[in-house]
Amino acid sequence: MRQHAAQFVRDVTARSRLPLDYSVASLRVVDFVVDGLRRSGRDRAAVGQTLFGLGAYAGEVLVRRAGAAWIEFDEGQRALFGQPVGVRMPDGRVWNPLGKVVKRFEAGERESLRTLYLQLHGRSGTGLPGCAGRGGPADGL
């Protein structure tokens, strides 16, 4: 997935000047791009590759900034999340950034990639006491 994310960034930045630098702030750019795709009126199938690339990028931000690691989902996780891969946080929790991008496309602003990062439990080197973390593993984040 790391290579897929890197190729997506190369392709996108060659066509536009999007600031995809693997920073937490760049997750706002992901939200913005997904919102633009949503407003375009195209259906999910028509933008599926772009959504996958944005999800791979978002996951790679979690890997680089939050200490996550890419994992292949087992059969049960694939059925739950609807995706083949996700990330595991240092505390063992599993998250689905590919699915979160799809949720942003389908549901709009209430499904933010940047907010996801800020609500993550188990980020390496951080502690967010009292942060409930909407969109956790059980709801197919």
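1. In this predicted model, helix H3 (residues 48-66) packs against helix H5 (residues 97-107) at an angle of about 130°, and their axes lie 7 Å apart. Axes here are lines fitted to C-alpha atoms over the stretch in contact, with angles running from 0 to 180 degrees between N-to-C directions. H3 is therefore oblique to H5, a class left over once angles under 35 (roughly parallel), over 145 (roughly antiparallel) and 65 to 115 degrees (roughly perpendicular) are set aside.

2. The crossing of H3 past H5 is right-handed, the near helix being turned clockwise from the far one by less than a right angle. H3 brings Leu-51, Phe-52, Leu-54, Gly-55, Ala-56, Ala-58, Gly-59 and Leu-62 to the contact, and H5 brings Pro-97, Leu-98, Val-101 and Phe-105, where contact means heavy atoms within 4.5 Å.

3. Overall, the protein has 6 helices and 3 strands, being DSSP runs of at least four residues (H or I) and at least two (E) respectively. Their order along the sequence is α-α-α-β-α-β-β-α-α.

4. Of the 141 residues, 46% are buried, that is, under 20% relative accessible area with a 1.4 Å probe. Among contacts with a separation of 6 or more, 56% link residues 24 or more positions apart.

5. On conventions, residues are numbered from 1 along each chain as its sequence is written. Local features need pLDDT of at least 70 and side-chain atom pairs 80 or more, whereas totals for chains, interfaces and linings use all residues, and side-chain values use heavy atoms, leaving out hydrogens and water.

Methods
Buried means under 20% relative accessible area, exposed over 50%, partly exposed in between (1.4 Å probe, protein chains only).
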